[in-house]
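User: Please take a close look at the side-chain contacts in this structure. Go step by step, and keep it brisk.

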Amino acid sequence: IYLSFSRKHEVDTLTKVHNRLIGTKGEARPSRCPDNSAFKQQKLPAWKPQLTIAAVLSCFFLTGVFCLSVGVCLIMSANSVREIQIDYSDKCSDCSKLRENSSNWNKECHCSINFMLKEDILGDVFMYYGLQNFYQNHRRYVISRSDAQLLGRNIQKSYCAPFTTYRNGTPMAPCGAIANSMFNDTIDLFYNLNSSVIQVPLLKTGNSWWTDKNVKFRNPKSYNLSSAFAGTARPPYWQKPVYLLDEEDERNNGYVNDDFIVWMRVSAFATFRNLYRRVRRIRQFADGLPAGNYTFHISYNFPVTKFKGRKHVILSTMVWSGGSNPFLGIAYVVSGTAATLTGFVITVIHLKGHQNTDLHFKNYDLIESLD
Amino acid sequence: MADPIRWARYRWQRLISTEGREGSSSNSSNKCYQSSKTTGKHRTVIPCLGHFKEEYEKVSKLYMNNKIRTTKYTLLNFLPRNLFEQFHRVANLYFLFLVVLNWVPLVEAFQKEITMLPLVVVLTIIAVKDGLEDYSKYKMDKQINNLLTKVYSRKEKKYIDECWKNVNVGDFIRLSRNEIIPADMVLLYSSDLDGICYIETAGLDGETNLKQRQVVRGYSEQVSEIDPEKFSSRIECESPNNDLSRFQGFVEHSNKDRVGLSKENLLLRGCTVRNTEAVVGIVVYAGHETKAMLNNSGPHYKRSKLERKVNTDILWCVLLLILMCLTGAIGHGIWLSRYSEIPFFNIPEPDGKSIPPALAGFNMFWTMIILLQVLIPVSLYVSIEIVKLGQIYLIQNDIDFYHEKTDSTIQCRALNIAEDLGQIQYIFSDKTGTLTENKMVFRRCSIAGQEYCHEENAKRLESYQEMDSEDEDSADHQCGFLTHRSKWRGHDCRAVNKPLNRRSLNQLSGSYPALVREDGEGDVPHSGHVAFSSPIETDVVPDTQLLEKFSQISSRSYQQSEEEASSKLSLETTYITDFFLALAICNTVVVSVPNQPRQKMRQSSLGRMPIKSLEEIRQMFQRLSVRRLSSSPLPSVKESSSESPNSFVSKRSIFRMKLSSPALDGAAQRAAERHNTDSPEDSQVPQELDTVNVAAGCEHNNAASSIELSPLPKLRYEAESPDEAALVHAARAYKCILQSRTPDQVTVDFAGLGSLTFQLLHILPFDSVRKRMSVVVRHPVSNKVLVYTKGADSVMMDLLRTASEGTNNSEMEQKKIKERTQKHLDDYARRGLRTLCIAKKVMSDAEYAEWLNHRFLAETSIDNREALLFESAVRLETELTLLGATGIEDRLQEGVPDTIQALRKAGIKIWMLTGDKRETAVNIAYACKLLEPDDRIFTLKSQSRDACALVMSKILEGIQKNTSASKKTSQKLGSVSASPSTQAPGFSAGLVIDGRTLEHVLHDSLQSIFLELTEKCRAVVCCQATPLQKSIVVRLVRNKLKAMTLAVGDGANDVSMIQVADTGVGISGQEGMQAVMASDFAISQFRHLKKLLLVHGHWCYTRLTNMVLYFFYKNVAYVNLLFWYQFFCGFSGTSMTDYWILILFNLLFTSVPPIVYGVLDKDVPAEILMQLPQLYMTSQKSVAYLPSPFWITLLDAFYQSLVCFFVPYFTYCGSDIDIFSFGNPINTAALFIILFHLLIECKSVTWIHTVVIVGSILLYFVFALAFGATCKTHNPPSNPYWIMEKHMTDPVFYLVCLLTTCVALLPRYLLRVLQGTLFLSPVLRAKHLDRLTPEKQREAIKRWKDDSIVNCQVEFQATSGSSSSATGAVSEEESITFIINSLSISKGCSEEGITHCMSQI
């Protein structure tokens, strides 16, 4: 017979014997009886959810009603959003052809697009540029930036490659593919009122997150901006260095330029929009954009044909629930309906099932009485 | 399958780690030794002294010293070695591979450091655990190594204190009483005069009774202590091995004389010297080569069934991962090839070129593997381990397993197979000590064909049963008992004078039980607890009739000369005397006195009496006996007393003397002489005188005898088996009292005759093949060699002397006795008693001398010793004369029938494997409800294999016929049981098979038909099975039927069975700890098995399966979120969640709740599980972990991840959302979904669940907020700065999370609700019961029980899984058909029964 021998036991016994020999008496050995506590005996008071139809019926109906009401609210608010979207990639075909050849990067190209607002857009009006098919969320693109640099620090190590330095060793400021590919079209909006053309006043600042503008993006410290960026060069696709992004406003120049900050917030999808300008609510535009004819003047710099992309310019208002996307509202309505319907279905099942069990028990009693 | 390999590896590692000296690394297993040139098959041990010095240097240096090291690691090698061992796990290797992969720049998906995090965490946790374990081992080793012992020093010529670790092979060690033996050594000297040393082996096998060890023959005669300087012999013995019960070798003296060594001469490391002042031994095995250490096989690895299944599912996950990665790779390739030139969001290589789409796709494959790695749950293994620990902790703390009497609770020795308890299909149970208490109570005996039924004793036992509960122990009882006892003795004497005072005796024995409480120990184990000595076993009330006969003898001469044998009465008295002598002598019981613990009761010797020659004494005795016999048949008191002065001296000498025949070898003579020259103790003489006086007659007054006899009850018998103890105690009740036992003599205080000292020539110990034991003694009076044999009647009956001539009167008589005894034996067996036959044989000196020759040869041979010894034993045990038989009762343990019934209802098949004879086994089987009275019992008892096959096929046919017949009837009744595969309810069969037939049945050709047969039977009883057969049966069922087996046993004979079974349960009973040591779980009572299986087994299984499923769900659901995003980022491997959050999500935010769920979830309360054993069947068929739940879970995970991804996607589609802001609501919603999913799955939610879930959510938010607030650049590529803060103020974020969570969980919730209402599984039904008021609950349970009588049958026979898994599928149809059918159903049948029918249709 193979004997298994526990070493632990041996050790126990040895120590026990040893203890006895050297006089330390482990006489009063505590009883090995386990504690009679609720936890150890697994008798903790517990909530045992009873997942039966009867118990959850109310839950289904309540959810249904709630979802429906939220959904209706959402749809209503989404419907109140006015939005106009204009695709200008085809309308400026000349410019786009020009930009296909990268050697023409220096040449300016303008085009203008007319459109008509049939009704007033009231409230704050936001102007977006939209890009289609631009995979800003590509893995290597997303990481190609240096947050440290954007904080005004010197960078040693970054993921910017290959847009870190030029061949001669001059570092790019800002580095990385994201910054390099910054959207650089200039869009101006003109209101054609009775053959007079009024430029719609647009706000360049306040379009980015407050924290981005004030915390996350900092210019290098120096007495002036150009000296701060001395020794660096603009990214290859840029037309002007970073300290000339906004020559009019010192606080909107360099890394803290709003357009730059907005661009650096990498979008989640290949089709996206970025906030470009806000309509300043003064004069005629105090209530928003009045109905009428408008013209976009676009300085066309950003090539999209290379990646079969499209460019839009979008005017839109905003509500608490976001933009004009009605999906969330519809989803709420649908799921609310679904929950309510399920509630009804299981009510029916429940009633029917109840009959069944009744019958079952009746039979049972019958049999018993026969016995 | 992998277990042996794993075990071998473990052993090998231990070997490497434990190399003590150079050259000795290749030891510790026999095989290595055989191949080792230096040591060969034997080892030579030479003392490190004198002229042996050079040889000692040569030989002994090759052996290990006594230093032990059980630790795996040293300070230096801990890190590399631990890592090396950890990377043996495939999962860890996989993650290492991922880490390495992430260092390849082309495919890098995360930051390098982040990928390492999970692996590092897991490795650290396990390394810390291993390190702590090893450190405690190290401390323990150090403590042991530095224990002191006295070793003989050459330089100082005396014994000096030395640490254990410095002891070498060949050292002489001197140990005093109560010291622990530091190494295996051969005993060379004992201060005990007989050369005996007592050791306690509790440290080795847990047996608390003392074992005798003997000084090597030839050294025992030395009066003074052995002088190591003069030791000039060499010891040859076998190589180290782990067989505790075997030691072979010899001592070769300088004159080439050889003396055999056996295990009787070996002191084992770890044992304690008791009762012996001093011993000296020479070390033969040290350190890791000692038997104790070799037996320390370390933890045993068992892999649970569930774990194996989990592994296959992980393989599925790997497949899924590869599929997803392939999708990503191909998708990326296609996406890239759509562009004619490089778009500027696809960053070119540093050299300005871009790689072709195909290669990019290939790289993307590996990137994807890194990105989606979480699909293979690294944390799963760690979590499973933690959950199992928690479950074990709770099992160990269950107060219901606590057994007050022994102060023991359950021990879980295997930590990783708790969930196997929930899937047991077969239980193999030992009988003795497992089902029964193993408290042997002498019940009946039959002597010379006359039965003595011991009615008074039965009465006593009944009263014990009543008294069992109140277990008071007070000293008063002892006193009461003693005085009572002495009175009683006086009574007996009077009974001789006034023949038959039956009434008073009856009264006496009637009142006896109430008073008797020997030394008040009861069952409570004290330090001096002796096995098998509860009062219920020790106090036997003699049968009046037998006592009467017996006392007649006691007053007569014991000696029966041939002339008198003719008288029938005297023949019977001979039988009775011999019978009781056999009971007292034929055993290995050690006698000690409790007051001086473990002090051997030594018969004072007479010392230097002027003795005459042996011949003279014999003549004297003969004269005496003739005179005595020639007096009246009922000798009066007067006569004997008048005689006593005359015979006093001579008689005393005779009784004290061992008479040896000249034909013998010198040993006996020598012993006798030594005995006479023993140091005298004069003060003992008067006492002796008294004893003889009492013996001679019975006229002594009560007072005298009470003084005289009071020490007697204090004798304590320590037996190896309870049967022996019971028989000795029974003999004692008849005042045939075993007084002392030394290796060569046994002293029996025989009733009135005084002490008889038998010279003990041989003990042929019990073994399971012979099934008997014998002692060979020389009778002090007749000087004949007597063989007393006791054994199982099946073997004993064949060994009896056959009445060849048949004419002889005594032969006829013998035959008659045999027949009658057989009848009694059968009767005993029917009553469930254990039977033993007692037989005797008288040998002539010539016969004995011849046999002795053989024996001697056998004993001294080394190689084939076992076989030769066996053969010589068989030679001796022939031509026996049957004396009688005993019936010993072994009472059922508390709650055994109830437990067996419950387990049976739980769908577990129970087999009883016992070594007992058929009748006894069957009887116990009936008693414990293993067999029911209306069962049909088939008994397999065939001599040949062919016959066996025939019988089995006949039985099968019969069963089939029976089944079809009852099927017809049941069909007529429209009963539920119409399903073809099942047998009719009400018909049940039991199979009884005996050991010899088992041999045939286990042959390959019959295995399948045997198993087919056993599957048809509800109970199988294998009787007279050897330990080996037991394990073969278990292995057969385990391998052939692919069933989960559990073996439960308490003794050494169950060890192999326990080790073979999937789950081994040891019962820490009376027979030591061997079974417990081999087991996975050790319980103290059989009834605890009920809760262990039905409650903890069920819980552990469901908890673990649910947790594992949940883990798969969690990982798949979470990883798929990333996968879906790949469709929108050009399959570029972007993650929309910050890497830190991604990694910590599994490691931190969602890791604790599943563990809590796995440890604490409680689907059905314990009480209901106990009351409704049927519930066990769901887990038994692994319903929870069939493939379908796994795939349903995965499907659900896919659905939930789709919802969780696409609701935010469509919400934010086309907006100016940035990538990490998009990921944030997805991640948050995923957290809610995953945690609330757990809440839906939870059957009971305690405050711990609440705390953990709320804590996880809070932790997530706190972390995300803190991370978002502080991390501007710390985490270069991904930057979640202020995103959480921004979202927290955005209503859309909340709305998205809410909708996502609701929609994702709706189907699962609905499913559970529908399950909870419509397709109630039994478990759910039971759960509902919990809600009811106690009365209603009781009622419902009762109704259910009635229901399930029918169901049980159906379910029980159903092929595994099919019926229950069909529950969901058929249920819709079922609910409709149910109404139609329900009227035609004869007796209420619950849904699942119906479902079963439906699925059959």
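Analyst: **Bonds and rings**

A:Cys109 is buried, with a relative accessible area of 11%. The model is predicted. A disulfide requires sulfur atoms within 2.5 Å. The torsion about this S-S bond is about -85 degrees, so the link of A:Cys95 and A:Cys109 is left-handed. A:Cys95 lies in helix α3 of chain A, while A:Cys109 lies in the loop between α3 and β3. The pair is 14 residues apart and links distant parts of the chain. A:Cys95 is buried too, at 2% relative accessible area.

Now for the wider count. The whole structure holds 3 disulfides over all chains. Another of them joins A:Cys92 to A:Cys111, with an S to S distance of 1.6 Å. Is that link left-handed or right-handed? It is right-handed, with 60 degrees about the S-S bond. A:Cys92 sits in the loop between β2 (83–87) and α3 (93–100) of chain A, and A:Cys111 sits in strand β3 (residues 110–117), so the bond ties together parts that are 19 residues apart in sequence. Both ends count as buried: A:Cys92 has a relative accessible area of 2%, and A:Cys111 has 14%.

Next comes the pair A:Cys160 and A:Cys175. Their sulfur atoms are 1.9 Å apart, and they form a disulfide. Both cysteines lie in the loop between α5 (147–150) and α6 (177–180) of chain A, 15 residues apart. A:Cys160 is buried at 0% relative accessibility. A:Cys175 is buried at 2%.

Number the bonded cysteines of chain A in sequence order, and the pairing reads 1-4, 2-3, 5-6. B:Cys1022 is in no disulfide, since the nearest cysteine sulfur, in B:Cys1023, is 7.4 Å away, beyond the 2.5 Å limit.

Now the rings. A pair of aromatic rings is described by the distance of the centres and the angle of the planes. The search finds 74 aromatic pairs over all chains. Take B:Tyr1110 and B:Tyr1157: the centres are 6.3 Å apart and the planes at 65 degrees, so this pair is edge-to-face. B:Tyr1110 belongs to helix α36 (residues 1088–1126) and B:Tyr1157 to helix α38 (residues 1152–1160), 47 residues apart in chain B. Both tyrosines are buried.

B:Phe1205 and B:Phe1222 are edge-to-face as well, because their centres are 5.7 Å apart and their planes at 85 degrees. Helix α41 (residues 1187–1212) holds B:Phe1205, and helix α42 (residues 1219–1241) holds B:Phe1222. Each is buried: B:Phe1205 has a relative accessible area of 0%, and B:Phe1222 is also at 0%.

Rings can join into groups. In chain A, ring pairs link a cluster that includes A:Tyr129, A:Phe134, A:Tyr141 and A:Trp263.

Charges meet rings too. B:Arg43 lies over the face of B:Tyr63, at 3.8 Å from the ring centre. B:Lys1114 lies over the face of B:Phe1111, at 4.7 Å from the ring centre.

Technical notes: Residues are numbered from 1 along each chain as its sequence is written. Chains are lettered from A and ligands numbered from 1 in the order in which they are written. This is a predicted model: local features need pLDDT of at least 70, side-chain atom pairs count only at pLDDT 80 or more; totals for chains, interfaces and linings use all residues. Side-chain values use heavy atoms; hydrogens and water are left out. Helices (H or I, at least four residues) and strands (E, at least two) are DSSP runs, numbered from the N terminus. Buried means under 20% relative accessible area, exposed over 50%, partly exposed in between (1.4 Å probe, protein chains only). Rings of Phe, Tyr and Trp (its six-membered ring) pair if their centres lie within 6.5 Å; planes under 30 degrees apart count as stacked, over 60 as edge-to-face and the rest as tilted. A charge sits over a ring if NZ of Lys or CZ of Arg is within 6 Å of the ring centre and within 35 degrees of the ring normal.
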